[in-house]
Amino acid sequence: MTFFMVISISNESIATLRCVDQDLRPFALGVQWVIMRLLGNIPSPVFIGAILDAICLVWSDPVPGAGTRYCQMYDRERLAYGFCFTWLCANLLSAFLFLMASVVNVRRNKTKEMSVKRETGAQKDEDPRI
């Protein structure tokens with residue numbers, strides 16, 4: 001799983017750099033890093049724990065004094081499906097957000113190009129030398 005996270009970091013950085021103006025790129029990379037760590041490191045143990053708790057077949061007796069129980073046997077097939085489904089949902093969400101960022105970036109670039117063309121056209125009309 002870590003291998004796939006490392007591979008996607010360069011893609012995320014490239015997408016961030018393409019969607020942000022030149023003067024805001026360092027700030028955007030910093031914000032991206034913070035958000036990635038907050039969304040990746042805080043809720044992921046909770047999701048993994050919920051999957052493991054839901055898939056447990058046999059629980060131990062409560063430990064005297066502590067009152068905690070431990071899973072002694074997991075359903076392997078449901079465990080594999082649970083983790084694959086979670087991974088698939090996270091990647092589909094990521095792909096959708098990348099697609100939306102690309103669409104917004106393309107539209108923003110077209111708007112900038114049109115405004116530059118209008119400004120240069122207006123300057124040509126005003127220039128008496130032409």
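What follows is a working chat about one predicted protein model.

Trainee: Before anything else, what kind of model is this, and how are residues numbered?
Mentor: It is a predicted model, where local features need pLDDT of at least 70, side-chain atom pairs count only at pLDDT 80 or more, and totals for chains, interfaces and linings use all residues. Residues are numbered from 1 along each chain as its sequence is written, and side-chain values use heavy atoms, with hydrogens and water left out.

Trainee: What pLDDT does the protein average?
Mentor: The average is 81, and 86% of the residues score at least 70. pLDDT is the predictor's confidence in each residue, from 0 to 100.

Trainee: Where is confidence lowest, and where highest?
Mentor: Helix H1 (residues 2-19) is lowest, with a mean of 69. Strand E1 (residues 56-59) is highest, at 92.

Trainee: How many helices and strands are there?
Mentor: Four helices and two strands. From the N terminus the order is α-α-α-β-β-α. Helices (H or I, at least four residues) and strands (E, at least two) are DSSP runs, numbered from the N terminus.

Trainee: What share of the residues is buried?
Mentor: Of the 130 residues, 9% count as buried. Buried means under 20% relative accessible area, exposed over 50%, and partly exposed in between (1.4 Å probe, protein chains only).

Trainee: Which residues form the nonpolar patch?
Mentor: Phe27, Val31, Val34, Ile35, Leu38, Leu39 and Ile42, with about 690 Å² of accessible area together. Patches are made of residues with over 30% relative accessible area and no salt bridge; like charges are joined within 9 Å, nonpolar side chains (Val, Leu, Ile, Met, Phe, Trp, Tyr) within 5 Å. Valine 34, for one, is in helix H2 and is partly exposed at a relative accessible area of 46%.

Trainee: Is glutamine 32 buried or exposed?
Mentor: Glutamine 32 is buried, at 16% relative accessible area. It lies in helix H2. Leaving aside neighbours within four places in sequence, glutamine 32 is in contact with Glu12, Ser13 and Thr16. Contact means heavy atoms within 4.5 Å.

Trainee: Switching topic. How many salt bridges does a search of the whole structure find?
Mentor: One. Lysine 112 pairs with aspartate 21, and their closest N and O atoms are 2.9 Å apart. Lysine 112 is in helix H4 (residues 76-126) and aspartate 21 in the loop between H1 and helix H2 (25-41), so the pair links distant parts of the chain, 91 residues apart. The criterion is a side-chain nitrogen of Lys or Arg within 4 Å of a carboxyl oxygen of Asp or Glu.

Trainee: How accessible is lysine 112? And aspartate 21?
Mentor: Lysine 112 has 38% relative accessibility and aspartate 21 has 31%. Lysine 112 counts as partly exposed, and aspartate 21 counts as partly exposed too.

Trainee: Which residues does the disulfide join?
Mentor: Cysteine 56 and cysteine 71, with an S to S distance of 2.1 Å. Cysteine 56 lies in strand E1 and cysteine 71 in strand E2, so the link ties together parts that are 15 residues apart in sequence. The structure holds one disulfide, defined as a pair of cysteine sulfur atoms within 2.5 Å.

Trainee: What about its handedness?
Mentor: Right-handed, with 105 degrees about the S-S bond. Both cysteine 56 and cysteine 71 are buried.

Trainee: What does serine 60 contact?
Mentor: Leaving aside neighbours within four places in sequence, serine 60 is in contact with Arg69, Tyr70 and Gln72. Serine 60 lies in the loop between E1 and E2 and counts as buried at 12% relative accessibility.

Trainee: And valine 63, where does it lie?
Mentor: In the loop between E1 and strand E2 (71-74).

Trainee: Last one. How far apart are isoleucine 55 and aspartate 75?
Mentor: They are 20 residues apart in sequence and 5.9 Å apart in space, C-alpha to C-alpha. Isoleucine 55 lies in helix H3 (residues 44-55) and is buried, at 4% relative accessible area. Not counting residues up to four places away in sequence, isoleucine 55 touches Tyr74, Asp75, Arg78 and Leu79.

Terms used:
Areas by Shrake-Rupley, 256 points an atom, 1.4 Å probe, with all protein chains shown as cover.
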